[in-house]
Amino acid sequence: MTRTPLRRFADYAVLGVLAFVFVLPVLYLILGSFKPSDQVLNGLTGFLPTHLSFDNYRAVLSSFDSDATGYFWRFMGISLLLATVVVLGGLIVNSMAAYGLTRLRWRGQGAVFALVLLLMLVPFEAVAVPLFYLFNDQRNTVWIQAVPFIANAFSLYQFSTFFRAIPPSIEEAARIDGAGPWRTFFAIVVPMSKPVFASVAILTFLTQWGAFLWPVLMVSDPAVRPLPLEMSVFQGQMPVDWGQVLAFGVLLILPVLIVFAFFQRWFVQGVAGSAVKG
Amino acid sequence: MTIVNPAPAAPDRRKPSAPATGPEPVRPRRRNRDALHGLLMSAPALGGLIAFVAVPFVYAVVLSFYNVRLGSPLPPRFFGVEQYRRIFTDPDMSGPFLRALLNNLTFAVAVVPLQTGLALALAILLNRKLKAIGVFRSLFFLPVVFPMALVAVIWRLILARSGDGLLNSALHAVSLGHWGAFDWLGDSLTAMASVIVLSVWQGVGFQMVILLAGLQQIPGELYEAAELDRATRWQQFRHVTLPGIRSTLVFVALLTSVLSLRVFDQVYVLVHGGGLDEDATRTVMYQAVTTAFDQNNIGQAAAITVVFFLIVVALTLIQRRVVRPGNED
């Protein structure tokens, strides 16, 4: 289809207006984080870039300063630690299992894989209550926030879809050269599967970074509280210091935006690819 | 509770050596080794899935037949189907749960068509070869990476009840001063609508990306052929685009409906501090968490969980039924 300059202009105009309206809440978040509280919730002037300063950020970083309030870097550290453990652990454990289940031949493998597909149907929400009951004496620990999320049926499924598409001849060659299944996997299969590792990693990271339901049930101690839960606690304190709450929000989203900026292509490809194939 | 470890290393060495005594059993030996290593490689993930999904899931069913409370000196008491009777028919106790079911249904019925339709519109709009189209795609995708807890906080400001709330001020300006303050989150009529809007805003980019990928798989020649046949834009949409992304569309609708059953974060955040009308927006998961956590009624919360899961499964099965005949033509 040929496009006249006028049409092209119209396209940009429509897209521009829509996109602008769509990202208004994000602009509001960012602008507000640099404004004093009384200027944030102040009608449409909340959008005017006036009274800007880093005061809110300074306050967020310094006003969490006792064991009762927790410490900002502690929340951040917990969130980063949980994300690292769940993402890295998940990549290793689920890719290995996917390889073992789809590319090695053993008895019962089909039944086990069917079980994994079945478990994929069970959303975390369906096991949150019994897990809460079973691990109640582990509340306010770090490990209970991370370990249940390492093994993931959906990640395993994504890996297995990718591995199935690898021509067997490549692995055969490695096997004939004497490489065992572990070496074949780590030295041959993993390096050629970067796209699936990237998209699983990003999807896992996003889910884990925003995780909320489980921390609500399991964490009350500020010392092990991840960022999203603290965000909820912070915004619930009266009176709300809006400037600081928004600054907190920006700091919460910043690591995600950094990851998103670098790996966006992988993410979009991964999401779209798994959906179209599935 | 320990994490399930792979089997100890000792049998690892013994097993493959057994068939190795034969002259040249290359094939069977390889197969034997594969069996062991396949199992070893799968063991950590399988252990995790069993410990943290399968066992708790079965346990949820068991708990739902008991009267269990945390820290209670009394042992759990077998309750039969009493928990289910209570949440469905007991006049004193079923109220909040049935309301949660209804709310969840309202949410799903509104969000699934709204979000899928909007995502499709955006995907079509963004499926053209323009310079910097990638920037626009990223902008619409941006909210997807925002944790729900943060999204709820931003919208708490937009929908704030005072005349200084963003939406109220905007309406005030547009109506030339006729609009006063309105409590969007606190009013039982608009509370659910507010949750729906912010949820769609956050999630639509995800569906958009999936649909965009579907659109890009439709061969361009089909559109050229349609154009030669002088098909209008609507006819092209109706007879080329829609059939081309039918399965993607159904997949997206399924995904959205399952996701919309799982709603919890935004309701929880907005009720705890945002002045959101609790009764008008409590969802099934919200109800499960309040029952388990605030009321310490584990058995009843487990029953709610089981009902939740049955709905998810039923929905998945129905949608699969719907998809299948279409996929064959």
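**Notes on the predicted two-chain model**

1. Let's start with the fold of chain B: its secondary structure comes to 15 helices and two strands. Helices here are DSSP runs of H or I with at least four residues, strands are runs of E with at least two, and both are numbered from the N terminus. This is a predicted model, in which local features need pLDDT of at least 70, side-chain atom pairs count only at pLDDT 80 or more, and totals for chains, interfaces and linings use all residues. Residues are numbered from 1 along each chain as its sequence is written, while chains are lettered from A and ligands numbered from 1 in the order in which they are written.

2. On confidence, chain B has a mean pLDDT (the predictor's confidence in each residue, from 0 to 100) of 83, and 88% of its residues reach 70 or more. Please read the two ends with care. Residues 1–26 of chain B stay under 50, and the model has 23 contacts for them beyond four places in sequence. Residues 325–329 of chain B are also below 50, with two contacts beyond near neighbours in sequence. For the complex, the predictor gives an ipTM of 0.90 and a pTM of 0.87.

3. Two residues are in contact if their C-beta atoms, placed from the backbone, lie within 7 Å. In chain B, 67% of the contacts with a separation of 6 or more are between residues 24 or more positions apart.

4. Next, the interface. Chain B gives 80 residues to the contact and chain A gives 79. On the chain B side, helix α2 (residues 26–63) supplies the largest share, 21 residues. That side divides into 60 nonpolar, 13 polar and seven charged residues. Nonpolar covers Ala, Val, Leu, Ile, Met, Phe, Trp, Tyr, Cys and Pro, charged covers Asp, Glu, Lys and Arg, and the others, Gly among them, are polar.

5. Within chain A, the axes of α8 (residues 153–164) and α11 (residues 194–209) come within 10 Å and cross at roughly 165°, which makes α8(A) roughly antiparallel to α11(A). Angles over 145 degrees count as roughly antiparallel, under 35 as roughly parallel, 65 to 115 as roughly perpendicular and the rest as oblique. S155(A), Q158(A), F159(A) and F162(A) of α8(A) meet V196(A), V200(A) and T204(A) of α11(A). This contact has four nonpolar, three polar and no charged residues.

6. Within chain B, the axes of α4 (residues 94–126) and α8 (residues 191–216) come within 7 Å and cross at roughly 40°, so α4(B) and α8(B) are oblique to each other. Their contact has 19 nonpolar, seven polar and no charged residues.

7. Finally, some backbone details to look at. Most residues other than glycine have a negative phi, and most peptide bonds are trans. The bond from M238(A) to P239(A) is cis, with omega near -10°. N140(A) has a positive phi near 60° and, with 14 C-beta neighbours inside 10 Å, counts as partly exposed. A132(B) has a positive phi of about 65° and, with 9 such neighbours, counts as exposed.

Methods. Axes are lines fitted to C-alpha atoms, for helices over the stretch in contact, and angles run from 0 to 180 degrees between N-to-C directions. A residue is buried if 20 or more other C-beta atoms lie within 10 Å of its own, exposed if 12 or fewer, and partly exposed in between; C-beta atoms are placed from the backbone.
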